[in-house]
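Student: I have a protein model open and I'd like to learn how to read its side-chain contacts. Can you walk me through it?

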2 protein chains.
Amino acid sequence: MTAYDELMQFQRETEALGQIAGRLGWDQETMMPQGATPQRAEEHGAMANILHARRIDPRVGDWLQTAEALDDVAAANLRHIKRDFERTAKVPATLAAELAKTTSLAHRVWAQARADEDVAAFLPILQKVVALRREEASAVAGNADPYDALLDDYESGATGASLGAMFAALRPRLVALRSAILDQPAPQTLSGDFDEVAQLALSEKLALAFGYDVGHGRIDKAVHPFSSGSGLDVRITTRTSLTDPFNCFYSTIHEVGHAAYEQGIDAAHLLTPLGRGVSMGVHESQSRIYENQLGRSRAFTGWLYGQMRDQFGDFGIADEDAFYATVNRVSDGFIRTEADEVQYNLHVLLRFDLERALMSGDLAVNDLEAAWNDRFAADFGYAIDKPSNGVLQDVHWSEGLFGYFPTYTLGNVYAGCLHVALRDAVPGLDDDLAQGDTSKATGWLRENLQQFGGLRTPVETIAHATVAVPDEGPLLDYLEDKFRGIYGL
Amino acid sequence: MTAYDELMQFQRETEALGQIAGRLGWDQETMMPQGATPQRAEEHGAMANILHARRIDPRVGDWLQTAEALDDVAAANLRHIKRDFERTAKVPATLAAELAKTTSLAHRVWAQARADEDVAAFLPILQKVVALRREEASAVAGNADPYDALLDDYESGATGASLGAMFAALRPRLVALRSAILDQPAPQTLSGDFDEVAQLALSEKLALAFGYDVGHGRIDKAVHPFSSGSGLDVRITTRTSLTDPFNCFYSTIHEVGHAAYEQGIDAAHLLTPLGRGVSMGVHESQSRIYENQLGRSRAFTGWLYGQMRDQFGDFGIADEDAFYATVNRVSDGFIRTEADEVQYNLHVLLRFDLERALMSGDLAVNDLEAAWNDRFAADFGYAIDKPSNGVLQDVHWSEGLFGYFPTYTLGNVYAGCLHVALRDAVPGLDDDLAQGDTSKATGWLRENLQQFGGLRTPVETIAHATVAVPDEGPLLDYLEDKFRGIYGL
C-alpha cells in the first residue's frame, strides 16, 4: 500500500467513527430514555476522546509527508485531512480539554440563566468561553485575524472582512424592505387546529416530494428539528404545532434540503472527507433553497394549498394567492429561528457584528447585552423586552460556537445565486412546482452541486454550479422582487 | 493516581465504548433504514477495531502488574479485566482477523443455505469456522480442554465435563416427562385474532408489572426480540403475532427479565466490569424465572387471563384453569425458540452434545446433519422433515458461537434453584402474583442476585442467593410437579 492508501484506510475508519458519534447524537434527541443522560455524557466523552486521538495521531503526519495525489479526488482528500490535522495540532491538548470542560458547563449555566432571565448569571462563564476561544483562535491563526480561524472551522476560506463587506451591503436594503413591508396591511393567518397525525402524513409526503430517500434515512420527531448523518444513513426530524402546521412542513423541507445534499453526494466518496457537505454555508444553501426559493414559491404553495385543503378542509384562507401571502407573512418578532426570509438575515447580521467585536476585543462581554439591545432597536424599531428574547435566546455562544452564525446568511446568499442559475437552466420550472414536482430543481442541484461533496472549496462549489463568484446581489433582488409582489410595494 | 485508578479510568471508557457498540446493534434491529447496511458494516468494523485495540493495549498489562485491590469490588474488577486481557493476548491477531472475516461470510452463507434447504452449501464454510474456533480454543486453553475455553467466554468457570454430567441427569427425566405429556389430550388453543395495538398495550403493562424501568429504557418492535445495554440505558424489544399474543407477552416478560438484571445492578458499578450481568447463564436465569416460574405460574396466569379478557373479550377459553393449561401447552415441534418449558432443554442438550463432539473432533462436520437427525428422532420420536427445521435452524454456529447453547439450559437450571429459594423467602407469593403484583419476587431477585452484577463468579452468584451449590434437581422437580398437575399424570 502507498502512504496515500494507508492514510485513506485510517481516515475511512475515522469517518465511520464520526458517523457513529453523530448517530449517538440523533439517538439522544429522538430515542434515548431521559434517565440515561449521565451515562450518555460519558459515552459521548469516550467517543470524543477516540476521535481526538485519531485527529492528532502522528502517523497521519507521517503519511501526509509522503502521500502523493494522483488525481483531483486524492488532492482534495489530502487537502481536507491536512487542514484538519494541522488545525488540531496547533491547539495545545490542555487548552482543548479546558474548552471542552468550560463549554459543557457554560451550556448548563446558559440554560438556567435563560430560564431565569438573568444575564448577569451567564456573563462570567461566557467571559471565560470567549477568552479560551480567543486563545485557541490565536494559536490557530498565527499572524492572521483570530476570528478568521474560527470561521474557517465552519466555512473554509471565508474571512471576517469579506463577510463583513457582504453583510454591510445586505443590511440597509433588508432594513428598508422590512420597514416598507410592515407599513402595509398584514396577510391573513391560518385559523383552527391541525390534526398532528395528518400533519406528519403531509410532512412525509413533502419530504418525498423533495426527493428525500427514506430507504437511506428516516423521519422522527424532535424538539428542535435537525438532519444527521452522511452517506447511506441520513436521518431527519421534524416537529408539530397544533395551530401552526407550517412549522412542521417547512422544518421538514428545510431538513430535507440538508439531507438531500448528503444523500446526493457521489457514492464513490462514501466515508471519505469528500463524502460530507463541504461547509455549513453550502449546507444551508441547500436547506434554504428547498425551503424558501422552492418551498415558499407561488407555484409550490399553490400545490401545497390543495394538499392542505384535502387534509384539513377549510382553514380560513380563500385561495392560492391569499395562501401564498400567508405562507410568506412578515411580522414583528424577537426570535431568529422563527423569523421569515426578510428578517432572518437581520438577526444573523446582528450576531455576526457582535461576535466579531467580542473576538477582537472591541466589545467587552459586560457590554454585550446593551450592544445587542441597541442594535436590535436600530434594525427592528422596537426594544427587546427580556433577555430570553434577546442576548440569551441562542445556544451557540454558550457552546463556544463563534463563527457559526454568519454561515446561516451565507447559505441564504448562496441559495440566491443558485436560484438564478437554476431558473436559467430550467425555464418552465414553475409548471412542475405547481404540480408538487420538484424533481427538475432537485435534480439540477444534485447534478451541479450536491454530488461533488467536498471536492472543491465552498466558494468554488457554488461557483461551479452558478458559473460566477457568489455575491449578495441575487438574494437581495429575489427578496425585493418577491415581497414587493406580495405586499404590493 | 494509583495503577488501579488509571486502569479503571481506561476501563470505564472502554465500557462506555462497549455500550455504544451495543446501541449500534440495537439501532440496526429497530431503527436503521435498510439501505444503510453496507455503511453500518464498516461502522461496526471500526468500533470492533477500537475495542480490540483497547483489549490488547499493553498499558493494561502494565497496570495489571502493579494494581492493588483494596477491597472485594476492586479484586473482582481486576479479576474480570485480567481474564479478558489474558484471553485476548493468547489469540494471535491474524487468527482473530481470520475468524471475524470467516464468521461474517459464514453467516451469509448459512442464511442462504437455510432459505434453500441446502445443508451441503453450508458445510464447507462451517468446516472452516469449526477449524478456526478449535485453533483459537487451543491457543486459549493450553493443556486444558479446548471446549472449556469457549464455554468460559459465556460462562466463566463452567466446564464441558460438569455441564455434561448435569445435562446427562436432565435428559432421561425430560424425555420421559415429554412422552407422558404427549400421551395425554392436549389443552385448548386460543381462537380468533388479537389486535396488535392492544397486544402492545398489554405487553407494556406486563413490562411495568415485572418492574421494567422505562425511565431508563424503552420498548420497540423487532423481528427477534432482544434486550440491549447496561446501566442507565437498557432497552428491550418485542414482537406481535395476530393469532398468538403469547408470543408478544412472553417475549416481553423474558426480555424484561434480562433488562431487570441490568437495571438492578448497584449504581456504584456503572460502567465497570461489575456493571453487567455476570454470565449468559445467570442472565438467562433471570429471563427464565420471570417468564416461566413467575409468568407462567397458575397464580400469575390467573391475573393475565382477566387482563386478556378485558382487552380482547372472549377468545375461546372458559376459565383460569383452562387458560393456565393453554399457556403451558406442550406440543410437537422442531424449533428450539418456539419450544415450551419441558422440551426447550432437550433442544439445547442436543446442540451441546453435538458441538462438544465437533470441537473434540469426535464428530466430523460432514456427519453433523445425520447426527442431528438421529438424536432428534431419539428424543422427540419423529423425524426432521427439512434442514431449516433441523441442523440449519439456528444462527449460532455460523457465527462461531460454540459454547453458547448450554448457557440456555444452565439458565433454566439456575432459575429452578432460585425459584425454590424465592418461594422459601416469600411464603405468600402466589397471593401477590394472582393480583399481577410481582414486586416481592422481583425485589427478592434484585436484593439477592441482580444488584451484585459481576462481583462474584456465576456459580457463586447463584449460591449466594440460594445458599447452595446449584444443580439440576430443583428444575426437574418443578417441571415434573407443574406438568403432572396440568396434564393429570
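Student: Which polar contact joins the side chains of A:Glu284 and A:His258?

Tutor: Before that, some ground rules: this is a predicted model, where local features need pLDDT of at least 70, side-chain atom pairs count only at pLDDT 80 or more, and totals for chains, interfaces and linings use all residues. Residues are numbered from 1 along each chain as its sequence is written, chains are lettered from A and ligands numbered from 1 in the order in which they are written, and side-chain values use heavy atoms, with hydrogens and water left out. A polar contact is a pair of N or O atoms within 3.5 Å; within protein, one must be able to donate a hydrogen and the other to accept it, and residues adjacent in sequence count only if both atoms are side-chain atoms. Here the side chains of A:Glu284 and A:His258 are joined by one of 3.4 Å.

Student: Where is A:His258 found, and what is A:His258 in contact with?

Tutor: Helices (H or I, at least four residues) are DSSP runs, numbered from the N terminus. A:His258 sits in helix α10 (residues 245–264) of chain A. Contact means heavy atoms within 4.5 Å. Leaving aside neighbours within four places in sequence, A:His258 has contacts with A:Ser227, A:His283, A:Glu284 and A:Ser287.

Student: Is A:Glu284 buried or exposed?

Tutor: Buried means under 20% relative accessible area, exposed over 50%, partly exposed in between (1.4 Å probe, protein chains only). A:Glu284 comes out at 7%, so it counts as buried.

Student: Where does UniProt place the feature "binding site"?

Tutor: The unreviewed entry puts it at A:His254, A:His258 and A:Glu284. They are spread over 31 residues of sequence but cluster in space, with a largest C-alpha distance of 8.7 Å. UniProt positions are in the numbering used here, feature names are shortened, and annotations may be inferred rather than shown by experiment.

Student: What about A:Arg298 and A:Glu320?

Tutor: Their closest N and O atoms are 3.3 Å apart, in a salt bridge. A:Arg298 is in helix α12 (residues 298–312) and A:Glu320 in helix α13 (residues 320–327), both of chain A, 22 residues apart.

How values were computed:
Salt bridge = Lys/Arg side-chain N within 4 Å of Asp/Glu carboxyl O. Helix = DSSP H or I, 4+ residues; strand = E, 2+ residues; numbered from the N terminus.
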